[in-house]
Every structure is written in C-alpha cells, then in structure tokens.
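The sequence and the structure come first, and the discussion follows.

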Amino acid sequence: MAKMKLFIVPSADFATTAGDYVARRMFDFGDAVSFVLGTATGGTMEGIYSTLVGKARRDSDLGLCLRTAHYFGMDEYVGLEPDNPQSYEFFMKKHLLAPLGTPTRNLKLPSEKTVLASPLAEDGRSVYDQMIFDVGGIDLQLAGIGENGHLAFNEPGSMRTSWARRVELAPGTKEANARFFSNSSEVPCEAYTMGIQTILRAKSVVLCASGKKKARAVQRMIEGRPGSDCPASFLLDHGDVTVFLDWDAASDLRSGLYT
Ligand code: GLP
C-alpha cells in the first residue's frame with residue numbers, strides 16, 4: 001500500500017498552503033496548455049480556489065495553464081439548473097472559471113446526459129468517464145471528504161470499481177450540506193458523481209479537509225484499510241495522494257505518528 005503524503009497546518013494557513021502546493025504540482029505534468037484538473041466543490045475548496053486565482057493573477061504561466069485547462073467536476077446535484085447558486089456548476093464558475101477568465105466550455109460536470117447515456121464500453125464506463133479518457137485522464141484531482149467518508153458523492157457502500165453514475169445521497173450528507181440552502185427541504189436527494197475508479201486513475205490527488213467534523217472520517221481514511229465503509233479510504237491504493245489537514249481535522253489521528 002502506498003503512503004499518503006500528509007501535511008497538517010494551522011487553520012489560518014490552510015487555504016494558502018494547500019493552494020500553493022496545488023499550483024506547484026500543476027507543473028509536474030509537462031504540457032501546461034492541456035492540463036486536466038479534476039475539481040471538487042464545498043466549503044473547504046473556496047479558500048483554495050481563491051488562493052489559486054490570486055496566484056494566477058501574479059504568475060502568467062499559472063494563469064495560462066488555468067485558463068486553458070480542461071476541468072472535470074467530481075459531482076453535481078440532480079435537478080439543479082446551472083444558474084441555481086447551489087449547483088456545483090454555478091460554484092465552479094463563480095469561484096474559479098469566471099475570476100480566472102477561463103471559458104465555460106472548458107468545464108464539464110457529470111449530468112443526466114453524460115452519466116445515464118448507454119455505456120460506450122463493455123466495462124460499464126459512462127460517456128462522462130469516456131470524455132475524461134479522451135483528454136488523456138485527469139492530471140491532478142482535487143478532493144474533499146464528507147463527514148461520513150464520502151469521496152465526491154460516492155457514499156459509504158460505493159464500490160472501488162464504480163464509474164460515474166446517479167446516486168442517492170446519505171441522510172447525513174443532506175444534513176451537512178443543508179447549510180448552503182435556505183431550507184433543508186431544498187437539498188436534492190440525488191446526485192451525479194464521478195466513480196471511484198476514475199478518481200483512482202487520476203495521476204495525482206490532493207485531498208483537503210478542515211474542521212473537527214471531519215476528524216473521524218479522516219482518521220478512518222488514513223489509518224484504516226481501503227474499504228467501502230469509507231470510500232475516501234480507497235485512495236490508500238493510489239500512489240500519489242497528498243492530504244492537507246488543519247489541526248482540527250487531524251485531531252483524531254493517533255498522536256505521535258505524524259510529528
Ligand atoms: C460535498 C461534496 C464533496 C465534498 C464534500 C466536503 O458533499 N459532494 O465533493 O468534498 O462534501 O464538503 P465541504 O468542504 O463543504 O465540507
């Protein structure tokens with residue numbers, strides 16, 4: 001089993017440190033003009049995207065790389081239109097594409113059209129997975145983690161071999177994400193998600209988690225074995241994963257191991 005690289009930083013430095021690292025890693029993949037970035041959404045990513053935008057304004061190479069990159073979103077709610085501020089498409093345009101000046105055509109998200117269409121191959125991959133294959137795969141996949149260990153919207157019970165698909169959200173996930181909606185009854189019950197298999201095929205993964213509420217899932221992910229009860233733990237099977245935690249998110253890790 002490959003080891004994850006682990007950085008534990010104070011909350012105040014979290015977004016800047018993680019954003020700086022992501023910007024540096026983007027140049028590990030050769031041709032910066034056709035970079036493929038797998039994107040995550042959620043509160044944790046906001047500060048990281050803001051760091052990337054700030055750096056891209058000061059660094060023209062990074063700016064060019066981010067303006068010309070292909071973006072593949074990890075997940076999207078079922079039933080929210082792109083102009084709904086709670087949709088992940090809206091989130092990505094607001095926090096990354098618009099401030100960078102990246103054309104919106106560079107962004108793809110799993111959707112009814114791309115996920116539910118007949119698989120193109122016998123192995124069960126969806127059109128969305130094939131679109132990612134067609135651009136040569138994801139160079140760097142950004143990820144968060146759910147309080148229940150979900151990765152994208154691969155909820156506990158998801159298979160390691162899963163492709164992009166439509167899923168039902170766990171009750172705890174709806175509860176955790178209700179904070180973004182004016183009323184908890186507005187949280188969609190279903191979503192489209194990238195599958196674990198496609199995430200594991202990314203050349204590198206950077207997972208970020210902050211806050212005490214993530215501590216248990218983070219401990220399970222890092223110190224357990226890969227398993228469906230915590231889909232993020234499948235990343236233990238990937239050879240190039242970097243995890244950024246603030247002290248709260250790291251607070252359930254066994255003391256002494258990481259000092
Ligand atoms: C959401 C998203 C995930 C994200 C996670 C953490 O439900 N589907 O892709 O990584 O939960 O979100 P947050 O950073 O808001 O805690």
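## Salt bridges in the predicted model

Across the whole structure, which is a predicted model, a search finds 12 salt bridges. Side chains of opposite charge can pair when their charged atoms come close.

| Salt bridge | N to O distance |
|---|---|
| Lys5 and Asp240 | 3.9 Å |
| Asp123 and Arg125 | 2.8 Å |
| Asp229 and Arg220 | 2.8 Å |

The side chains of Lys5 and Asp240 meet in a salt bridge at 3.9 Å, which falls within the 4 Å cut-off. Because Lys5 lies in strand E1 (residues 5-9) while Asp240 lies in the loop between helix H9 (215-223) and strand E10 (241-246), the pair ties together parts that are 235 residues apart in sequence. Lys5 is partly exposed, with a relative accessible area of 40%, whereas Asp240, at 17% relative accessibility, counts as buried. Both residues also belong to a network of salt bridges, in which Lys5, Arg25, Asp28 and Asp240 are linked.

In the salt bridge between Asp123 and Arg125, the closest N and O atoms are 2.8 Å apart. Here Asp123 is partly exposed at 38% relative accessibility, and Arg125 is buried, its relative accessible area being 15%.

For the remaining pair in the table, the side chain of Asp229 meets that of Arg220 at 2.8 Å, N to O, and Asp229 is partly exposed, with a relative accessible area of 49%, a value that stays in this class because exposed means over 50%.

How values were computed
Residues numbered from 1 in each chain as written. Predicted model: local features only at pLDDT ≥ 70, side-chain atom pairs only at ≥ 80, totals over all residues. Heavy atoms only, no water. Helix = DSSP H or I, 4+ residues; strand = E, 2+ residues; numbered from the N terminus. Buried < 20%, exposed > 50% of the residue type's maximum accessible area, 1.4 Å probe, protein only.
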